[in-house]
Amino acid sequence: MELLPEDLLADILRRLSAHDLAAARCVHSSWRAVIDSHRLMQLVQLPLAGIFISFNDHAFSELLARPVPPSAKVSGKVHQYMPTTDPIPVADHCNGLLLLSCAYVANPATRQWATLRFPPPSFPISWTGFPRYDYIVFDPAMSPHYEVVTIPHLPNKGAKMVDARVDGWEWPPSSMMLPVFSSATNRWEERSFERQGEALGTVAEVRQPWPGDEQYGVYWRGHLYVHHNFIWRISLPSAKYRAIKPPDGIYTSDGQERRLGRSEKGVYLASIASSPGRRLRVWILDESYAHPKFPDYSGQAPPEDRFEWDSDNDDVLDMKDTTEGRYREGITILGFHPHKEVLFLSESMRRGLAYHLNASKLQDLGNMYPTRYDDFADPHRLISLAFPYTPCWTVEFPSNN
């Protein structure tokens, strides 16, 4: 193979799956050089392995997935290969890596893990009362290293501020110091980020009476997007960020479901109103304007008659078995399919659903309720976190285990 011209070798390697291409990088340094120089990993679409789901009062996350050969199976039982027997809730994810609440980063596909040095740098005392959330950024096509950034979120309206003057600040500020952890240096540092564009108003004006979608971040084309009252667009390499206004009608009630996600055409935003009729709305971020905005994708709702399930498999990739009708059950958003315009939902926490946006059809993905969950869960059963998972099979993982 070393006698082959580089372009011919690259043409052969580009035909491999993501799993096999990652393994090929480890065969020989010349193969790795060809794969990296031709950016072959960047051209490979990470497959969807299933949906990670964390249930309230459940110590460990579950992975809703269709049956696959053992060689390609990804285990959702992260605790089985971690150095602690304590519950390890998932806080965030990005391109195959999980950020765990107990200061760990794990790759479920390769069963590798690493620890984060804590604590990160603190925010000024005047920011007391601002919830802090950590988000992981990882692009295996560009680097084996990952970064974790801590972002402050606004308290809800009505929450008392330590410094009353904070409500008069412009938000987001023109510059901000954010804690960032880099696996390349294995340490936290404070980085100064500069705002692009205008502020959205004062803290008092931007705060909302209900919480935003603070648990979820989306990585798309070099930027991290986070939804909380508005959408942050953060670039770690350039240390810049922009505030993007949410679409009209996204904040209408306390019971409204909201979810930021990544799918076929970029960054999507979905909401399901608590009433009337559990109306579903979807928007796609359009950044071709000087001020990026969210045009309405469809404004459609799932039809209202009750569905009769016609499939009981875990096929989350193809919409072969679907039904049409109307729907009235309690539903929760689980996330977007990363490569197709499909929104994953749960029906009363019992069954997984795939809603095809273009066809307005639902597919039953099967039972998703944890075994014996009723035996230990409190009366307030709910899904605390869920996201579609795309495994990363590269073995270059900056771990310290």
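1. The side chain of His337 reaches the backbone nitrogen of Lys340 at 3.2 Å. This is a polar contact, meaning a pair of N or O atoms within 3.5 Å; within protein, one must be able to donate a hydrogen and the other to accept it, and residues adjacent in sequence count only if both atoms are side-chain atoms. His337 lies in the loop between strand 20 (331–336) and strand 21 (342–347); strands (E, at least two residues) are DSSP runs, numbered from the N terminus. His337 is buried, with a relative accessible area of 2%. Buried means under 20% relative accessible area, with a 1.4 Å probe and protein chains only.

2. The model is predicted: local features need pLDDT of at least 70, side-chain atom pairs count only at pLDDT 80 or more, and totals for chains, interfaces and linings use all residues. Residues are numbered from 1 along each chain as its sequence is written, and side-chain values use heavy atoms, with hydrogens and water left out.

3. Asn367 belongs to strand 23 (residues 361–367). A polar atom of the Asn367 side chain lies 3.2 Å from the backbone nitrogen of Tyr369. Between Asn367 and Met349 there are 9.0 Å, C-alpha to C-alpha, and the two are 18 residues apart in sequence.

4. Three strands form an open antiparallel sheet in the order 2-1-24. Two strands pair if DSSP finds at least two bridges between them. Strand 2 (62–64) and strand 24 (383–389) are at the edges, each with a single partner strand, so one side of each has no neighbour in the sheet. On average, neighbouring strands of this sheet are turned by 25° against each other, direction ignored; the axes are lines fitted to C-alpha atoms. Strand 1 (residues 50–55) and strand 2 run antiparallel and are joined by three bridges. Ile51 stands opposite Leu64 in strand 2.

5. The largest nonpolar core has 42 residues, of which Tyr146, Trp171 and Trp232 touch the most other members. Such a core is a set of buried Ala, Val, Leu, Ile, Met, Phe, Trp, Tyr and Cys residues joined through side-chain atoms within 4.5 Å. Apart from this core lies another, of 19 residues, among them Ala49, Phe52, Tyr81 and Tyr216.

6. Which residues does Tyr146 touch? Not counting residues up to four places away in sequence, they include Leu97, Phe138, Phe181 and Phe397; contact means heavy atoms within 4.5 Å.

7. Cys94 counts as buried at 4% relative accessibility, and Cys392 is buried at 2%. A search of the whole structure finds zero disulfides, a disulfide being a pair of cysteine sulfur atoms within 2.5 Å.

Definitions and conventions:
Buried means under 20% relative accessible area, exposed over 50%, partly exposed in between (1.4 Å probe, protein chains only). Helices (H or I, at least four residues) and strands (E, at least two) are DSSP runs, numbered from the N terminus. Axes are lines fitted to C-alpha atoms, for helices over the stretch in contact, and angles run from 0 to 180 degrees between N-to-C directions.
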